[in-house]
Amino acid sequence: MAKIKLTKVPFNGTASQEAELRKKLAVTKNMSGGLMPSLQQAQEIYGYLPIEVQTIIADELNVSLEEVFGIATFYSQFTLNPQGKYQIAVCIGTACYVKGAGDILDRLAELLKIKSGDCTEDGKFSLLGTRCIGCCGLAPVLTVNADVYGKVGKADMERVLSNYKKD
């Protein structure tokens, strides 16, 4: 069984986010199969699915928290942890991995002082090792939001991060 890692960043949802979620749940609660769209809408509102949000969904849809958690952890489209303003994804697919992507991921984790799957305490960066992103000819590849960096090495990581640390 996979171990689920939860964030140390405190939940900071707003009353307006909760009101928006409850309004949307009022529509999906009577739908057959309404749990999946409810989770999608909640993640769209909050950016992730912390236990506080899962509890609201379970209560409003009259399903168990275990069922909500099971769906939220089964599908890769959902995340239980907040994502940074800048989401860094390092491809660790075969082509990238054999060209040093593992070292790049390790270097970024060292520079950001987080592990893959985590978000920095200031909410600026999140880091994730991901499967093939379809740029094998540029291996190794990483993305920062929609920006693609190809043929990079671990020595390039400070320069890449500096592009986003300024603001």
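**Reading helix packing and cores**

Guide: Welcome! α2 passes α3 in a right-handed crossing, and the model you are looking at is a predicted one.

Visitor: At what angle do helix α2 and helix α3 pack, and how far apart are their axes?

Guide: Packed helices in pairs are described by the angle between their axes and the distance between those axes. Here, α2 (residues 35-46) and α3 (residues 51-61) pack at about 145 degrees, and their axes are 11 Å apart.

Visitor: Which residues make the contact between them?

Guide: On α2, look for Leu35, Ser38, Leu39, Ala42 and Tyr46; on α3, for Val53, Ile57 and Leu61. Seven of these contact residues are nonpolar, one is polar and none is charged.

Visitor: Now the cores, please. How many residues does the largest nonpolar core have?

Guide: Nonpolar side chains tend to be buried together in soluble globular proteins. In this model the largest nonpolar core has 25 residues, and Ile88, Val90 and Leu108 are among those with the most contacts inside it. At least two residues each come from β1 (86-91), α6 (101-112), β2 (125-130), β3 (141-144) and α7 (157-165). α6 gives the largest share, seven residues.

Visitor: What does Ile88 touch, leaving aside its neighbours within four places in sequence?

Guide: Its contacts include Leu108, Leu112, Phe125, Leu142 and Leu161. There is also a second, separate core of 17 residues, with Tyr46, Val53, Leu61 and Val68 among them.

Visitor: Which domains does the assignment give?

Guide: Domain 1 covers 15-74 and domain 2 covers 86-165. The centres of domain 1 and domain 2, taken over C-alpha atoms, lie 31 Å apart.

Key
Residues are numbered from 1 along each chain as its sequence is written. This is a predicted model: local features need pLDDT of at least 70, side-chain atom pairs count only at pLDDT 80 or more; totals for chains, interfaces and linings use all residues. Side-chain values use heavy atoms; hydrogens and water are left out. A nonpolar core is a set of buried Ala, Val, Leu, Ile, Met, Phe, Trp, Tyr and Cys residues joined through side-chain atoms within 4.5 Å. Buried means under 20% relative accessible area, exposed over 50%, partly exposed in between (1.4 Å probe, protein chains only). Helices (H or I, at least four residues) and strands (E, at least two) are DSSP runs, numbered from the N terminus. Contact means heavy atoms within 4.5 Å. Domain bounds come from an automatic or database domain assignment. Axes are lines fitted to C-alpha atoms, for helices over the stretch in contact, and angles run from 0 to 180 degrees between N-to-C directions. A crossing is left-handed if the near helix is turned anticlockwise from the far one by less than a right angle, and right-handed if clockwise. Ala, Val, Leu, Ile, Met, Phe, Trp, Tyr, Cys and Pro count as nonpolar, Asp, Glu, Lys and Arg as charged, and the others, Gly among them, as polar.
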